Amino acid sequence: MAKIFCVANQKGGVGKTTTTVNLAAGLAKLNQRVLMVDLDPQGNATMGSGVDKRQLARTVYDVLLGTATVAEARVKSDKLVEAGYSYDILGANRELAGAEVELVDLEQRERRLKNALAQVMDDYDFVLIDCPPSLSMLTLNGLCAAHGVIVPMQCEYFALEGLADLVNTIKQVHANLNPDLQIIGLLRVMYDPRVTLQAQVSDQLKAHFGDKVFDAVIPRNVRLAEAPSYGLPGVVFDPAARGAQSFFTFAEEMVGRIGKM
Ligand code: ADP
Ligand code: MG
């Protein structure tokens, strides 16, 4: 049975998509069966997995509206299959932006994704959901479906403030919609220990959140930033790079964590 994780943070540009695709590929390399769900209308995780979002016949939009099943809409990326890091992709494109409004009138509107994923739970070890930068109906569908939330964050001054909003949302979803939901962990990303402020915020995070802070730390690494333009996760584009290595470490840590869930 799959464990489902949302990669969420209501801030944009904090590394959600980078975390999702690199963790997916890192887990695939560890022979885990992975489905990556792109819940962001920008479709960056789709493109970053080597799938052209404009060419998709079916996307997560169809799944949410009930016009396709996950089994009908999921695709594979030739590039990833070739490289030996294959995971399944439930893609997204601009069409998904309309779902926000269209879902309002549907029954169980927050549970559409959860119900759809229920049919493929035996096909996977991990389902990873890349959330949009908002606490919208789309993100809510992700949170309702998930067992846990992975929160990528930069160790900056305002990071802790933003975290409070997310923690509150997760508490509300936990209380009202999804009693399984927990924060699995905070992932420090784009980290540069030479910046004193970052080291301080990192220490604060550990003091506040203890075990909830992942041991793995993702450094700022230009190879991770270059990879999407080649339609590849960084761990596939340049597996030897420091950023890629840190994501392999993180994938191992995640496998260890689900063993204890
Ligand atoms: P989000 O999905 O939260 O909006 P992204 O994963 O798209 O964030 O990252 C935002 C930008 O930062 C992208 O251009 C990405 O390539 C870059 N980036 C993400 N993580 C790193 C990293 N560890 N090192 C360098 N650049 C990074
Ligand atoms: Mg993104």
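**Labels against cut-offs**

Reply: Let's start with helix 13, where Gly-243, Ala-244, Ser-246, Phe-247, Phe-250, Ala-251 and Met-254 are buried. Buried means that 20 or more other C-beta atoms lie within 10 Å of a residue's own; exposed means 12 or fewer, partly exposed is in between, and C-beta atoms are placed from the backbone. Bear in mind that this is a predicted model, where local features need pLDDT of at least 70, side-chain atom pairs count only at pLDDT 80 or more, and totals for chains, interfaces and linings use all residues. Residues are numbered from 1 along each chain as its sequence is written, while chains are lettered from A and ligands numbered from 1 in the order in which they are written.

Me: What makes the buried residues of helix 13 line one face?

Reply: Looking down the axis of helix 13, its buried residues fall within an arc of 150°, so they line one face of the helix. The arc is taken over the directions from the helix axis to the C-beta atoms. Turned away from that buried side are the exposed Gly-256 and Gly-259.

Me: Why is residues 242–259 called a helix, and how does its span agree with 1.5 Å a residue?

Reply: Helices are DSSP runs (H or I, at least four residues), strands likewise (E, at least two), and both are numbered from the N terminus. The expected span is 1.5 Å times one less than the number of residues. For the 18 residues of helix 13 that should be 26 Å, and the end C-alpha atoms are 26 Å apart, so the two agree.

Me: And what covers the buried residues of helix 13?

Reply: The cover includes helix 1 (16–29), strand 6 (182–191), strand 7 (213–219), helix 11 (222–226) and helix 12 (234–237). Contact here means C-beta atoms, placed from the backbone, within 7 Å.

Me: What makes Phe-126 count as buried?

Reply: Phe-126 has 23 C-beta neighbours inside 10 Å, so it passes the limit for buried. Phe-126 lies in strand 4 (residues 126–130). Leaving out residues up to four places away in sequence, Phe-126 touches Ala-2, Lys-3, Phe-5, Leu-27, Gln-32 and Val-34.

Me: Which residues come nearest to ligand 1?

Reply: Of the 18 residues around ligand 1, those are Gly-15, Lys-16, Thr-17, Thr-18 and Ala-225. A residue is near if its C-beta atom, placed from the backbone, lies within 6 Å of the molecule. Helix 1, strand 6 and helix 11 are the elements giving two or more residues to the shell, and helix 1 gives the most, with three.

Technical notes
Two residues are in contact if their C-beta atoms, placed from the backbone, lie within 7 Å.
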